[in-house]
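Welcome! Take a moment to look over the structure below, and then we will walk through a few places where its parts meet.

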Amino acid sequence: MDYTTYTGLFLPLLGFLFLLATSDFLGRKSTAIVGCGTVFFSFCCFSSLLISYINESLVQESFTLFHWIPIEGINADFTLHLDPLSLLMTLIITGVGFLIHLYSVGYMEHDPDVNRYFACLNFFIFAMLLLVLSGDLLLLFVGWEGVGLASYLLIGFWYEKPIAAAAAVKAFVVNRVGDLGFLLALLLTFHLFGTSNIAEITHRASIEFTLGAPIVTVLTLLYFIGAIGKSAQFPLHTWLADAMAGPTPVSALIHAATMVTAGVYLIVRLHELFVLAPTTLEIIGVIGGGTALFAALAALAQTELKKVLAYSTMSQLGFMFLACGIADFYGAMFHLTMHAFVKGLLFLAAGNVLHMAHEITDMREMGGLTKKLPKTHILFLIGALALSGIPPLAAFFSKDLVLEQEYLLGHYTLFYIGLAASICTGAYLTRAYCMTFLGPSHTPKKIYDAIKEAPMIMIFPMILLALLSIGGGFIGFASGHLSFLEEFLGQVGVTLADLSHRGESLFTPQTIQAISGAFTAVIATWALYTYFGGIPENKFKSLKYLLRNAFYIDAIYFFCITRPVRGISRLIANVLEPKIFEQSIGCTVDGIERTAQRLQYFQNGQIRSYTAWIVVGVVFTLIYITL
Amino acid sequence: MEAPLMIFISMAMFAIGILGVLTRRNALIFFLSIELMLNASNLLFVSFANDWGDITGLVWVFFVLVVAAAEAAVGLAITVNLFRSKEQVDVDQFNDLKGY
Amino acid sequence: MDWDENMIQWITGFILLLSSLGMIITKNPVHSCLSFLLSLLALATLYLELSASFIAVMQILVYAGAILVLFMFVIILFQDAYPKIEMVKARNCPVFLLGTGTAFILTLFSIGKKMVSLTPSETHLPKDFGTVETLGKALYLDFFFPFEAVILLFLVALIGSLYIGKKAT
């Protein structure tokens, strides 16, 4: 068991090191084989672990590789923890990761730097696996920082483009702000528990602390701040839209399926801790719901295809946090899984369009691509419908579950916010589909003629993801009895919040509301953009700009935070450093030199003076002795 | 009454020797004053040996005498060499080892 | 008798101090040397009084007979250089030097005042204290190692002075 885990974990790391070492001379095909192969083997390892787990109903296990920091009060070990939650995450990571690796082979076929790309991708897989498999919070933080680093490396993959480099730095720095919360929480954890072993913490939390204890609220809030940074929630969300400057498979893997879900995973993993702090859960719910609606509104007015999908990711993550906020951790994980499939599919389809259309990203310059990209447009449509919440496609089940739980537990405001966000989801996705594929073509004729369908290696992963999007929902949903996923995750205590209404009628009033809302949104937007040609350019201009710039929050951050900080650093570098620090050192040096020069005159070579000074010393000694 | 008198004489001799070192510019008188200081300490040793009946004092005086003789010989040899090269006996002019 | 002994010591001490003062005051170095001779003789008398007969004789032989003669030879050798001293201005501030000397004298004074009340110890000196025999026994039996060390020192000094005093070739 443990060797399988270690193999699955460290194989991508070996792939990363190997690809780095051979990056100068390894050919394109070999790089692809090594890069995809490691992830595939990882996936096989974890699948076999899953099968053995189910068949033999193994207990959850922890393996300690070595004692990392055996200091009293910290006690951090390199511990890997294997339980249904981590197994689910590893399968998502390696499975979707493998499909995206395959896709990248086709996407990056003309890029000269393919070796570095696959090396960084493998490193990302390793870091993310470390994050989800670790049984120790300090080790989790190592993985956390690792995925941040991988994100930086991959967003800034085309580092010669200034936009990409700036976006990479922005992603890293904003993440860092969240990491400050995580670090403070870690320190507090060490102070409270004396260890960072997750199993031990969750076991002791309910014993040592009462419900609603302030210190637990502070602790969980700090962890949540870390999650906000990593999962791009308001107010640390500004990096996700800019991160679209990286290659599209990177956006699919990191900023849709895996890295941004690390925040949700953290909260679900520590759910026993969060259950003890109802205030934090409320805040999580509010922020999640707020971000969901805010991002959905912003996505309505975006003109770049990938930015629509970025804001959509932000919105869906808000949904997951909304679920966590009412202690519906199962709903969050279910939606995470479904979202990984669907968003991956959407991003890959968008990547197809961008790849073929030579990196035209603005949707206003696209259109009329149904004949040119037949398979892509069907797959995109499937993804869009799935995410909008059209039954029986995947995300309908997960979204509906979240909304239902909201209503059943009495959080009506959150329910309506979630419903509104859901309706907006349908609207903006349909809008994106219509503007990109339907209608007359706005692309220049030369580029338009050169567009053709993507090669099979790029289509095949998308087909798999599409199948998962269509049928995936049935893993987690069953009427009248526990679904497979529910039973699987229930073993670690990740359950629905409200267990009493299970098994009731399938179509509660809230479900009807959600379905009708989704249908209305999709059909209305489709009609708007097809028959009426969309909203004219000059109507609702200010509203459009407001939404497009995401309520100008980025600009506010720039003026209030970035510019003052830059000013201060300029002040220090140009004024403080040369004029004050160096001058003070210079003055001291000068003073000492001058004093030394004055003191030199004591050594005048005159014996009589020397003798006189000796006598002075003797006088003082005699006085000291005899007094 | 012996011991305090001897101590007083010895201290006076020592002080006179110090004054001689500090005052005279002639190098040879300089050396002579140093010998005077040595003699002062000799007197102190002898007087206390007499007072306590301990022969160690006299033994010590013996060694000081011997060492003073050796030091005078070597010191004068060096001084003669110095005078030959500098052609003068003023200690104030021997300041080549100054620090500036 | 008591008065006599102390009187001799008082007078000898007076002569001693006077000749030492004369030694550092006179300008002529030959006169200085002769004053030093007088102080050595007074010192030897004091030693005799303090029943250190061997040391007294040694003093005359070594100091007055060898060292002083050596000094006299060197003084006469460089007699032409002495008038030249006055011609050049002194390079040390005399105030500082004399001030230091005075401070030293005052310190010794203040220490000396505490010693006035010392009483002589009641030890009865053996009859042959300070004779050649006693001192010889002490040197050769108790203090043999320093004795040999000092002989070695003598040898080294001999060789050294011979070498240093060589004419430069």
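This is a predicted model: local features need pLDDT of at least 70, side-chain atom pairs count only at pLDDT 80 or more; totals for chains, interfaces and linings use all residues.

- Two packed helices are described by the angle between their axes and by the distance between the axes.
- Here, helix α18 (residues 412–437) and helix α23 (residues 509–531) of chain A have axes 8 Å apart, at an angle of about 30°.
- Angles under 35 degrees count as roughly parallel, so α18(A) and α23(A) are roughly parallel to each other.

**The nonpolar cores**
- In the largest nonpolar core there are 207 residues, and A:Phe124 and A:Ile155 have the most contacts inside it.
- Helix α15 (residues 329–356) of chain A gives the most to this core: 18 residues.
- Which residues does A:Phe124 touch, leaving aside its neighbours within four places in sequence? They are A:Val147, A:Ala150, A:Leu154 and A:Ile254.
- Another core, of 66 residues, lies apart from the largest one, and B:Val46, B:Val74, C:Leu40 and C:Leu108 are among its members.

**Where chain A touches chain B**
- Chain A brings 11 residues to the contact, and chain B brings 11 residues.
- On the chain A side, helix α26 (residues 607–626) supplies the largest share, with 5 residues.
- That side of chain A divides into 4 nonpolar, 6 polar and 1 charged.

How values were computed. Residues are numbered from 1 along each chain as its sequence is written. Chains are lettered from A and ligands numbered from 1 in the order in which they are written. Two residues are in contact if their C-beta atoms, placed from the backbone, lie within 7 Å. Helices (H or I, at least four residues) and strands (E, at least two) are DSSP runs, numbered from the N terminus. Ala, Val, Leu, Ile, Met, Phe, Trp, Tyr, Cys and Pro count as nonpolar, Asp, Glu, Lys and Arg as charged, and the others, Gly among them, as polar. A nonpolar core is a set of buried Ala, Val, Leu, Ile, Met, Phe, Trp, Tyr and Cys residues joined through C-beta atoms within 7 Å. A residue is buried if 20 or more other C-beta atoms lie within 10 Å of its own, exposed if 12 or fewer, and partly exposed in between; C-beta atoms are placed from the backbone. Axes are lines fitted to C-alpha atoms, for helices over the stretch in contact, and angles run from 0 to 180 degrees between N-to-C directions. Angles under 35 degrees count as roughly parallel, over 145 as roughly antiparallel, 65 to 115 as roughly perpendicular and the rest as oblique.
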